[in-house]
Amino acid sequence: MSQVFRSESVAATEEYGYRLAQELTGGTVVAFFGGMGMGKTAMVRGIAAGRGLRREEVSSPTFALVHDYGGNPPLIHFDMFRVKTWDDLYATGFFDYLDAGCILVVEWSENIEAALPEETIRLHIQRVDEHTRLIERE
């Protein structure tokens with residue numbers, strides 16, 4: 001059964017992430033689906049804050065592919081936009097971080113759908129208008 005949250009602002013998206021962070025434990029994967037500008041990184045800022053980390057440290061890992069924000073368990077932020085093959089995925093360290101019991105938040109999960117664990121929290125984000133997003137959790 002899916003749940004839908006309607007966000008009317010970046011702040012509301014961050015707040016949703018903050019609340020979601022309270023559920024996350026080591027080994028959890030949160031997969032984001034949605035195009036550019038949907039609020040994925042804003043959600044990760046909220047998750048970081050909810051885990052007691054500095055939201056100011058959060059930025060899209062587009063060029064680095066992965067950011068480790070620390071924490072206990074560590075919060076690892078992936079951008080899979082440029083990941084096209086299994087070799088690319090292995091090179092990101094995705095499986096190593098997963099095996100280490102980290103919390104993984106993954107932007108552009110469409111590119112690694114086959115590698116996501118069955119119990120992954122999947123968040124599909126759709127644009128309604130300039131400020132409004134529908135976030136469907138499955």
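Reader: What do the buried residues of α2 pack against?

Author: They pack against α1 (10-21), β2 (29-33), β4 (75-79), β5 (103-107), β6 (121-127) and β7 (133-137). Note that this is a predicted model.

Reader: What makes α2 mostly covered?

Author: Buried means under 20% relative accessible area. In α2 (residues 40-50), 10 of the 11 residues are buried. They are Lys 40, Thr 41, Ala 42, Met 43, Val 44, Gly 46, Ile 47, Ala 48, Ala 49 and Gly 50.

Reader: Which residue with a positive phi follows α2?

Author: Gly 52 follows α2, and its phi is near 80°.

Reader: How many helices and strands does the chain have, and in what order do they run?

Author: There are four helices and seven strands. From the N terminus on, the order is β-α-β-α-β-β-α-α-β-β-β.

Reader: How do you know that the radius of gyration agrees with a compact globule?

Author: The rule is 2.2 Å times the number of residues to the power 0.38. For 138 residues, a compact globule would come out near 14 Å. The chain has 14 Å, so the two agree. Its C-alpha trace spans about 35 × 30 × 30 Å along the principal axes.

Reader: What share of the chain's residues is buried?

Author: Buried residues make up 47% of the 138.

Reader: What share of the contacts with a separation of 6 or more comes from residues 24 or more positions apart?

Author: That share is 62%. A contact here needs heavy atoms within 4.5 Å.

Notes
Residues are numbered from 1 along each chain as its sequence is written. This is a predicted model: local features need pLDDT of at least 70, side-chain atom pairs count only at pLDDT 80 or more; totals for chains, interfaces and linings use all residues. Side-chain values use heavy atoms; hydrogens and water are left out. Helices (H or I, at least four residues) and strands (E, at least two) are DSSP runs, numbered from the N terminus. Buried means under 20% relative accessible area, exposed over 50%, partly exposed in between (1.4 Å probe, protein chains only).
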